[in-house]
Amino acid sequence: MQFRPIETLLRRCAADGPLFEVSTLVPGRMLVIGSAEIAHEILHAPPATYLAGVANRRILPLLPDDTVLTLDGEKHMARRRLLAPMLHGSALEGLAPAIAQVTAEEADLWPTHTSITMLPRLRFLALRLAANVLFGIETRHDAEVLEGLVSRALPAYGMLAGSHSLRRLRSLSPQSLTGRRWVEFADGLRDLLGERHPQVTELVGGDQLFALLLAAHETTAAALAWSVHELAREPEAAAAIAQSREGQRPWLDAVIEETLRLRAPLIDIVRTAAERVTVAGRSVEPGTLMLIPPPLIHREGGGDLLGFCPGRFLAGQPDPRTWLPFGGGDRRCLGASLALFELRHVLPLLLERFTLQPATARSERALLYGTALVPERGARVRLTPRNAVF
Ligand code: HEM
């Protein structure tokens, strides 16, 4: 699964149909849904039939229990209402100049005329953007300090599955280590932000910010990396975007939507059945983890859906029943507008600056990195400055 996650899911779905059981390191019963119709039924079921917070705690057992990702019910809605203004509307309006500045600063450092790996570079760019929005961090230096704090806090998150059994290690358990890392993360963040942004830490303490950063960072980095990977293979679309003006970029939206379809950054949307339910004629017991993998739903029906074809979205927006990169229902990604805003601003800036060429003819397959799907070779491309004089 780790190395060929999408191929494995497609094979199982072809063999066993749109509802099949899997066993992984995560304890308990798990069903995978490979049909948009069943996925819609689950994501839009009456409240409290399926729980996302319980499910997130099961696949990310090291997250605290009281974050927007891990809560359910009224407490979850209250947390969403608190955080939403940071990620929508006027909060985004003022972001374009910061995105332009950060993107230019980063792109200045990238080698040209040689093949390079974009994923780590775009991961840092995505971290700088998230740091700017969530914490008001503006300089590269402060973002590097934050990167250090994140990487020290994150190793324990690599030990995701089955870790309940490790609780008996007590002070040496991943839970306890992670608890200490949160404290270190929150302390480090407080030192870094100092008096500059007291409202940030007051509004949403260290754990909340860490959960948001976790949700925002790798997903956006993967989306940027896959977009660059695909655009390197679509020179006409890339040129059309580079030559177009803001507000008049049909190819840009089409490429982003198609990238999020074929190269969905998250392996699955998760829910736990809170009661006995019947799904596709099958009785499902309470506590079953339901996995809805966008890569499977987005390829349902096969044929031309297996290939990258941004033209399919030139005529109209994707259908939310079959296009689920951000999940759906009342748990749909809270950062979707922010992520799309970032993609819509960063990609044209890169394309105005560089032409992209793939480093290898063969497209990169997806590799599982935590719960994110990233290009197996890190999106290797060759950048050439546009208008370069040879
Ligand atoms: C391209 C980038 C991104 C992708 C593909 C993505 C995808 C997703 C998905 C699939 C979910 C689960 C939705 C569900 O359960 O129905 C989710 C949840 C969430 N995402 Fe994103 N995400 C992205 C970027 C971001 C960003 C930039 C933020 C900003 C902080 C963010 C914050 C969140 C939060 C807070 C949740 C939990 C929402 C809830 O449970 O109520 N995401 N995301």
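I began with threonine 117, whose bridge partner in S12 is arginine 380. Helices (H or I, at least four residues) and strands (E, at least two) are taken as DSSP runs, numbered from the N terminus.

I noted that this is a predicted model, in which local features need pLDDT of at least 70 and side-chain atom pairs count only at pLDDT 80 or more, while totals for chains, interfaces and linings use all residues. Residues are numbered from 1 along each chain as its sequence is written.

**Strand pairing.** I found strand S4 (residues 115-117) antiparallel to strand S12 (residues 380-385), joined by three bridges; two strands pair if DSSP finds at least two bridges between them. Strand S9 (residues 354-358) also pairs with S12 in the antiparallel sense, over five bridges. Leucine 356 stands opposite leucine 383 in S12.

**Isoleucine 292.** I located this residue in strand S8 (residues 289-292). I record isoleucine 292 as buried because 24 other C-beta atoms lie within 10 Å, the cut-off for buried being 20 or more, with C-beta atoms placed from the backbone. Alanine 39 is 253 residues away in sequence, yet its C-alpha is 6.5 Å from that of isoleucine 292.

**Ligand shell.** I looked up the 25 residues around the ligand, of which Ala216, Thr219, Gly327, Cys333 and Gly335 come nearest; a residue counts as near if its C-beta atom, placed from the backbone, lies within 6 Å. Helix H4 (73-87), helix H12 (206-231) and helix H16 (336-353) each supply at least two residues of this shell. H12 gives the largest share, six residues.

Key. Buried ≥ 20, exposed ≤ 12 C-beta atoms within 10 Å, placed from the backbone.
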